[in-house]
Every structure is written in C-alpha cells, then in structure tokens.
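Try each one before reading its solution.

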Amino acid sequence: MTDPTVAEAWVAAPLRRLMEDARLISGVMLYPTGRAVGQFGFSNAADVMSICALTSAINASARELGRQLDGKPFYETHHAGVDRQVFMARCVASAQEFLFVGVFDRESSLGVVEIYFGEFQKALEKLRPDSPTTGKAPSGDFEGELNRSLDALFGPIGKR
Amino acid sequence: MKGLSEVVATLSHLPGVVVAMVVGAIDGLIVETSGIKGGSGDNDPRKHTAALAAYLYSKATRAADAARLGSPAFMRLEAEQGHICVVGARDVVLVTIVTPDANLGRVRLDMMNAARSDL
C-alpha cells in the first residue's frame, strides 16, 4: 500500500486510516464538482482525472435516480465486479460535502468497508477543511479546477 | 430444513446467547438477526460484529487451508466479557455473541447442527 497523496493536508490522516482499516486497493476523495482532494493507489493523474469525472457524474445520476424511484436521493452506491468491487458514498466536513470512491477485492468486504467508511465520516465531521468552500458554487471552470487538483496530487504536467 | 428466521430464533433462545445472526460470508452483511438484548442504536454491536466476524472467518479459513487442515468447523473468539462464535455454511456464516457463563458446548452443537442441516 502507498501513502495517500493529498491536495488538502487535513484529509491525509483519516484517508490513510480508511485505506488501512478497510483494506482498500485504491480510493479518491473529491468535491462533488469533480475536484480531487486526496487519493491513494493511483500513480497516474489521467486515471484520477477520469475517476473524478465519472464519480461526479455517477453521484449526480444516482441522486436523481433515488429521487425518481424512492423520493429521496441515493447517497451510497456499490458495484460488485468479478474480482473487484467499487464503493461510492458521500461525507461531510464543516458543512462541505465530499464524495469518496474506493476499490476493494476479496481481502475486504462490503460490510467491512461500510464500517470503516462510517468511522471515516465521523472523523471528517470533526475536522475543518483548509480552505472552507461552504456554499461555494462550482466556478464553471471544471477542467481548470480538475487540473489544479491533479497538479497538487501528482505535480505539474511535465514533472509527473 | 428451517427458515433463516427460525434458525436465528432457535439459537437466540439458548441460555447465554445475546445475539444470533446469519451473515453473508462474502459481503459480511446481515441476512437475518435476532433482536438484541441490552442495547440498540449507537450501542448496537450487530452490524460491526457481523462484518468483522465474517471477515475473520474468511481469514481463519485461509489459515486452516494453508495448514492443510481443511475448512474450519467452528471458530470461537474468547474476549473479556464473552465470546463470538462463528460457523460457516456455504454462502453464509452463523454468528453468535455469547456471555461468559453460557453453555458453550450446547451453543457449539446447535450452531453446527443448524449449519449442517438447516441452512
């Protein structure tokens, strides 16, 4: 396992603990807009960029699907593949919402991931983001935000 | 063959059994559980116990396999204030939380019989 790399230092400790306790292979924490906050298990910025974009879109779709089917948004998604499984859920720190997506295999289980993600959520609730963005609407510069967060995680393009 | 709820009800009525559960062996999620004696809400140990007991049992299975002992028949974790007992039954595991003064022989026998013939 590699240590998490983070764009915001306050998430490093809880992210590392979640990675270790839940035996996750890889994971990304991001803003709902798709901007990455921290990651582990990836060495390629392009992979994280794709995952952030897809997770953001899946989250929006799942919420709307929940509203349509159940009258309230779905906040947690699990997909079981043959060898690997994906878990997506939201967490909140200082009223700012974040998304998390994690990948695990037979070394863990959905039950174990849910337990430690619950502890991760509680840990985050007690923390304050470095630069609170409460109520901040997306800037509209999706690509720029994404690239800035990837620079923070992997270094500027050309130095990665 | 009994239904899952009947298996859980039977085990939970044994003296000293605090909780009896049927748990998914792979995902660690509760399939069927008895009511809890002496706690619920934040103090409810069932979800955590189910996930971690199933996880532990999967590791014990690998350890037994590595030692060329075959599948584990019965797993008991002894703690300061009681025991966690686990028996595997194909796609599920039976999990009980038991007080220190329980008749462990009876609990073991009934769990293994349930796993063999009722699940």
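Helices (H or I, at least four residues) and strands (E, at least two) are taken as DSSP runs, numbered from the N terminus. This is a predicted model, in which local features need pLDDT of at least 70, side-chain atom pairs count only at pLDDT 80 or more, and totals for chains, interfaces and linings use all residues. Residues are numbered from 1 along each chain as its sequence is written, while chains are lettered from A and ligands numbered from 1 in the order in which they are written.

**Exercise 1.** Work out the secondary structure of chain A and the order of its elements.

Solution. Begin with the count: chain A has 4 helices and 6 strands. Next, read from the N terminus, which gives β-α-β-β-α-β-β-β-α-α.

**Exercise 2.** Describe how H3(A) packs on H2(B).

Solution. Locate helix H3 (residues 110-125) of chain A and helix H2 (residues 46-66) of chain B; their axes lie 8 Å apart, at an angle of about 130 degrees. Axes are lines fitted to C-alpha atoms, for helices over the stretch in contact, and angles run from 0 to 180 degrees between N-to-C directions. H3(A) is therefore oblique to H2(B) (under 35 degrees is roughly parallel, over 145 roughly antiparallel, 65 to 115 roughly perpendicular, the rest oblique). Finally, list the residues: H3(A) uses A:Gly111, A:Val112 and A:Ile115, and those from H2(B) include B:His48, B:Leu52 and B:Tyr55.

Terms used:
Contact = placed C-beta atoms within 7 Å.
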